[in-house]
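Open the model in your viewer and follow the stops below. Each one says what to select and what is there.

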Amino acid sequence: MTYSIKEMFYTLQGEGNQAGRPAVFCRFSGCNLWSGREQDRANAICTFCDTDFVGTDGQGGDKFKNAEALAHAIDSFWPISHQNHKYVVLTGGEPLLQVDDALVLALHNLNFTIAVETNGTIPPPSGIDWICVSPKSSADLKVTQGDELKLVFPQADALPHKYEHMKFKHFYLQPMDGPHIKKNTKNTIEYCKSNPGWKLGLQQHKILMIP
């Protein structure tokens, strides 16, 4: 299988339960809920995405002919002087359009702990160590259990109570970014205070201005 990667970089995880953890981010090209083209945004299932996942022209982006080639490219971003605590976040777009058993095995063979950030519409391969699902609008979830559910708030077609019965270890509400971020943050805080099964999730990398 050939993997299309928009970008790769070494940074700190900025969101959710793993926030602050050093990680290699590997962003896969493509998504099944939006083309990534602005002219298609209004009619997409997910209309609020703030990420460029089109093409392979970002830092470290390319097409990789097999799992081993991609795994070694990811490994090249990890500090060579610290070969423990290896952690990779497979994100997108929608990474599960491409992530498969071969890539999971290749990354584990290089001693990576593997996290995936997915919209939850595609079942993941086995062996992924940390699964974070971020539901989008009316899209049907195929992944209803995992480590973390991260719901961007508010979404008219994705209200929090719809997910509370699902088997996740952590439930986060993340204020929707954009022109109404202050209002959305205030409303998210109030919702979490009234519904203590939810935690406030912030995009710390944006606050700290790191990639």
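**Stop 1: Phe64**

Select Phe64: at 11% relative accessibility, this residue counts as buried. The model is a predicted one. Phe64 sits in strand S3, residues 62-64.

Phe64 and Thr2 are 62 residues apart in sequence, yet their C-alpha atoms are 5.5 Å apart in space. What else is in contact with Phe64, leaving aside neighbours within four places in sequence? Show Met1, Thr2, Tyr3, Ile5 and Met8, then Ala69, Leu70 and Ala73; these are the contacts of Phe64.

**Stop 2: H1 against H2**

Select helix H1, residues 67-75, and helix H2, residues 101-109. Two packed helices are described by the angle between their axes and the distance between the axes. Here H1 and H2 pack at an angle of about 45°, and their axes are 9 Å apart. The two helices, H1 and H2, are therefore oblique to each other. Their crossing, H1 with H2, is right-handed.

Show side chains at the contact. From H1, pick Ala67, Glu68, Leu70, Ala71 and Ile74. They meet Ala102, Leu103, Ala106 and Leu107 of H2. Colour this contact of H1 with H2 by residue class: eight residues are nonpolar, none is polar and one is charged.

**Stop 3: aromatic pairs**

Next, turn to the rings. The whole structure holds seven aromatic pairs. Two are visited here.

Select Trp78 and Phe112. Their ring centres are 6.2 Å apart and the planes of Trp78 and Phe112 stand at 85°, so the pair is edge-to-face. Where do the two residues, Trp78 and Phe112, lie? Trp78 is in the loop between H1 and strand S4 (87-91), and Phe112 is in the loop between H2 and strand S5 (113-118). The pair of Trp78 and Phe112 therefore ties together parts that are 34 residues apart in sequence. Trp78 and Phe112 are both buried.

Move on to Phe171 and Trp198. The ring centres of Phe171 and Trp198 lie 5.4 Å apart with planes at 75°, so this pair is edge-to-face. Phe171 belongs to strand S8, residues 167-175. Trp198 is in the loop between helix H3 (181-194) and strand S9 (199-200). The pair of Phe171 and Trp198 links distant parts of the chain, 27 residues apart. Buried or exposed, Phe171 and Trp198? Both are buried.

**Stop 4: backbone exceptions**

Switch to the backbone. Most residues other than glycine have a negative phi, and most peptide bonds are trans.

Select Gly92 and Gly93. The peptide bond from Gly92 to Gly93 is cis, with omega near 20°. Gly93 lies in the loop between S4 and H2.

Then select Phe153 and Pro154. The bond from Phe153 to Pro154 is a cis peptide bond, with omega near 5°. Look for Pro154 in the loop between strand S7 (145-153) and S8.

Go to His85. This residue, not a glycine, has a positive phi of about 60°. His85 is found in the loop between H1 and S4. With a relative accessible area of 62%, His85 is exposed.

Finish at Ser137. Phi of Ser137 is near 50°, a positive value in a residue other than glycine. Ser137 is placed in the loop between strand S6 (130-133) and S7. At 15% relative accessibility, Ser137 counts as buried.

Terms used: Residues are numbered from 1 along each chain as its sequence is written. This is a predicted model: local features need pLDDT of at least 70, side-chain atom pairs count only at pLDDT 80 or more; totals for chains, interfaces and linings use all residues. Side-chain values use heavy atoms; hydrogens and water are left out. Axes are lines fitted to C-alpha atoms, for helices over the stretch in contact, and angles run from 0 to 180 degrees between N-to-C directions. Helices (H or I, at least four residues) and strands (E, at least two) are DSSP runs, numbered from the N terminus. Angles under 35 degrees count as roughly parallel, over 145 as roughly antiparallel, 65 to 115 as roughly perpendicular and the rest as oblique. A crossing is left-handed if the near helix is turned anticlockwise from the far one by less than a right angle, and right-handed if clockwise. Contact means heavy atoms within 4.5 Å. Ala, Val, Leu, Ile, Met, Phe, Trp, Tyr, Cys and Pro count as nonpolar, Asp, Glu, Lys and Arg as charged, and the others, Gly among them, as polar. Rings of Phe, Tyr and Trp (its six-membered ring) pair if their centres lie within 6.5 Å; planes under 30 degrees apart count as stacked, over 60 as edge-to-face and the rest as tilted. Buried means under 20% relative accessible area, exposed over 50%, partly exposed in between (1.4 Å probe, protein chains only).
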